Structures are given as structure tokens and as C-alpha cells.
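Subject: Structure handover

Hello,

Here is the structure for you to look over. My notes on it follow below.

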Amino acid sequence: MKAFTYTTCSPSLFVVLMVLCLSTGVSSQLTTDFYVTSCPNVFKVVRRVVVNALENEMRMAASLLRLHFHDCFVNGCDGSILLDGSDGEKFAFPNINSARGFDVVDSIKTAVENECNGTVSCADILAIAARDSVVLSGGPTWKVLLGRRDGLVANQTGANSNLPSPFDSINTIISKFAAVELNTTDVVALSGGHTIGLARCVTFNNRLSNFSSTESVDPTLDSSMAADLQSLCSQSSDGNATTALDRNSTDVFDNHYFKNLLSQKGLLSSDQGLFSSDEGVAATKGLVQTYSNSSSAFFSDFVSSMIKMGSISPLTGSAGEIRRNCRAVN
């Protein structure tokens, strides 16, 4: 499967049409076999490091998946989230004290460089590691499109404004997805990535007290779950205590996340809102119900959405570079 296709120039007597045709042709493509000759073992090398990382900490699967997501939504899938520096995306509000797995990416990069020096981009490493993390958690597999190059600059402002927030309304999230040419199905399918991983109290404690002028606790949150979360979060004044995004199915990539939404057991407001909010009822509730009843439907749409997301504004051809160190430009 390929994310981009060449524009075919039809014969024409009009020179202006020929000029337009040439100017719109895509000079490079993402392909599944991009490294078949230049680094044929890249998949084995990445998989080996990801397996080791998950054996050490299963939560890392969600962390690596999230890095790819947060990378692609800012400047496209260009590895910019990996760049160090106080003005980098790492220190944007959605990522600071939250985005993790950078050391694992470093280990993958080192191993890949030892296999084929100066060949595989950090952006492609993120894409492969995200796929492997899903597969090793019990989720679906897919052929990863490759050929991205690494960006030269980070965009902290873009990370602060473009990344979906757990506090955003469903319509706001849909708009942020639309800005990178992803649709409502992509919103729901990719939200299903929350079937693995943990979240900090700071991302959901707004639901636990002083929720509104008439409700102390979010009425769309299961009462027994709310009590458990109140107990957990009261033990941590800094809001950094964590709990599973997918209650009772923490580390398995499945459709249980959507089953939880039907029982008001979504952890984040943005999760439960897919099913319970007025905006969600209008736009996303039907898909939540479909995925809760069919893991195959969820897996199929998740794969399609991951491929689409991984194809957001990649740098190809001679644009960007192949970083030697994912944390810094060459």
C-alpha cells in the first residue's frame, strides 16, 4: 500500500497544462519496501529492541505508540518530537512529564545504525516501533510505509495547539484531526489506542470533584470507578499517580476500551465523551458501539487509520535529513 501516487500527465497541446502537470507530480513516495536493499534487516533490528523494552516494562508499548501519534500531529511525521532543547516539542504542555520512551528510541537508533549506518530515519523508526508495540500487545499488524526523512526543527507552539487534549470537546478533537486530513472514523479508531497504557491523575481529576455548578463528580463516570480514582489521586498531591486507561485490560490491545465506554468506565473525559457527550452521540457513539461488538471491525479501522496518520506530511526525497542521533540535527 502506498500513501502517495504520481500524477500522470496526459498528452496535451497546451503547454500550460504540461507545466501544471509536471509541477504537481510527487517526486518521492512512501513504500513498504523502501529499505529492502539499503537496510534489509531493519524490521528485525527494531523488533528485537522493542521486545526487550516491553519485557522490561509492558507500558512502553503505549508510550512508543503515543510518540508516533504526537510526532505526526506536529509538522507531520518527521521525528521532530525527538529533538532535545527547551524550545522542543518534548517540553510542550501535552508532552512534558508525559511523553516517554525516548531512551528506547535511542537504543533502536543505535542498533539500526550498527546495522546500516546513515540510512534509516528516526521518523521511520517511530513508525515501525509503533506497529511492533501494537502487535506485541496482541493487536493487529500491518505493513508500515517507509521513506520518511527527519525534520530539522521542532515546533513547540504547534504541539501546544495541534495535539488533541483529554480536556477537549469531541468537536474540538474532530477539528484537530480534520486539520491533518483525518476523519471522524480515525478519531474513534485511534482513540482505541488507549486500550493500552496509563494516564496520570492530572489528566482526569477534573472529573472527580467540583465538576460543575450542579455536579461534584462527572455524571458520565461510573460511581464505583470514581471512588477508586478519588482514593488513588488523593495519595499524590502532584497529580502524577497513574492508572490504566483501559480498566481491567491494561496491557492487552483489544476492543475492551470500547466496552468500558458503554459502562461509563472511560478514564479521560475525551474517552467517555465519544459515547456519552452530546457531540459524541451525534458523531461518534455509533462507531464506539460497533467496535465494542467487533474487535475485527476495530482492528481493521485502526490499521487503516494508523497508515493514514503515518502518512501526514512526510519529508521525502532530499528534504530534511537522516539524523545520526535522534535527539539532534546533524
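Helix H3 (residues 60-72) packs against H4 at an angle of about 80°, and their axes are 10 Å apart. Axes here are lines fitted to C-alpha atoms, for helices over the stretch in contact, and angles run from 0 to 180 degrees between N-to-C directions. Helices (H or I, at least four residues) and strands (E, at least two) are DSSP runs, numbered from the N terminus. H3 and H4 are therefore roughly perpendicular to each other. The cut-offs: under 35 degrees is roughly parallel, over 145 roughly antiparallel, 65 to 115 roughly perpendicular, and the rest oblique. From H3, the contact uses Met-60, Leu-64 and Leu-67; from H4, it uses Phe-102, Val-104 and Val-105. Contact means heavy atoms within 4.5 Å.

Before the rest, the ground rules. This is a predicted model, in which local features need pLDDT of at least 70, side-chain atom pairs count only at pLDDT 80 or more, and totals for chains, interfaces and linings use all residues. Residues are numbered from 1 along each chain as its sequence is written, and side-chain values use heavy atoms, with hydrogens and water left out.

More on H4

Helix H2 (residues 42-56) also packs with H4, at an angle of about 150° and with the axes 9 Å apart. H2 and H4 are therefore roughly antiparallel. The crossing of H2 past H4 is right-handed. (A crossing is left-handed if the near helix is turned anticlockwise from the far one by less than a right angle, and right-handed if clockwise.) H2 brings Val-45, Val-46, Val-49, Val-50 and Ala-53 to the contact; H4 brings Val-104, Ser-107, Ile-108, Ala-111, Val-112 and Glu-115.

Then there is H5. Helix H4 (residues 102-115) and helix H5 (residues 122-136) have axes that come within 10 Å and cross at roughly 110°. H4 and H5 are therefore roughly perpendicular. Their crossing is right-handed. On the H4 side, the residues are Val-105, Ile-108, Lys-109 and Val-112; they meet Cys-122, Ile-125, Leu-126 and Ala-129 in H5.

H5 also holds Asp-124. Asp-124 counts as buried, at 0% relative accessibility. (Buried means under 20% relative accessible area, exposed over 50%, partly exposed in between, with a 1.4 Å probe and protein chains only.) Beyond its neighbours within four places in sequence, Asp-124 is in contact with Tyr-35, Leu-145, Leu-146, Gly-147 and Arg-148.

Domains and cores

The domain assignment of the protein chain gives domain 1 (41-161) and domain 2 (164-308). Those bounds come from an automatic or database domain assignment. The C-alpha centres of domain 1 and domain 2 lie 23 Å apart. Domain 1 puts 21 residues into the contact, and domain 2 puts in 20 residues.

The largest nonpolar core has 75 residues, and Ile-108, Phe-302 and Met-309 have the most contacts inside it. Both domain 1 (41-161) and domain 2 (164-308) give residues to this core, so it lies between them. A second, separate core has 13 residues, including Leu-221, Ala-226, Leu-229 and Leu-267. (A nonpolar core is a set of buried Ala, Val, Leu, Ile, Met, Phe, Trp, Tyr and Cys residues joined through side-chain atoms within 4.5 Å.)

Which residues does Phe-302 contact, leaving aside its neighbours within four places in sequence? They are Leu-65, Val-134, Pro-140, Trp-142, Ala-189, Leu-190, Gly-193 and Phe-253.

Single residues to look at

- Ser-270 is in helix H11 (residues 269-276). At 9% relative accessibility, Ser-270 is buried. Apart from neighbours within four places in sequence, Ser-270 is in contact with Ser-165, Pro-166, Asp-168, Ile-170 and Ile-173.
- Asn-210 is not a glycine, yet its phi is positive, near 50°. Asn-210 is in the loop between strand E1 (198-200) and helix H9 (223-233). Its relative accessibility is 71%, so Asn-210 counts as exposed.
- Asn-248 is not a glycine either, and has a positive phi of about 75°. Asn-248 is in the loop between strand E2 (242-244) and helix H10 (256-262). Asn-248 is exposed, at a relative accessible area of 67%.
- Phe-34 is in the loop between helix H1 (15-24) and H2. At 38% relative accessibility, Phe-34 is partly exposed. Phe-34 touches Leu-146 and Gly-147, not counting residues up to four places away in sequence.

Best wishes
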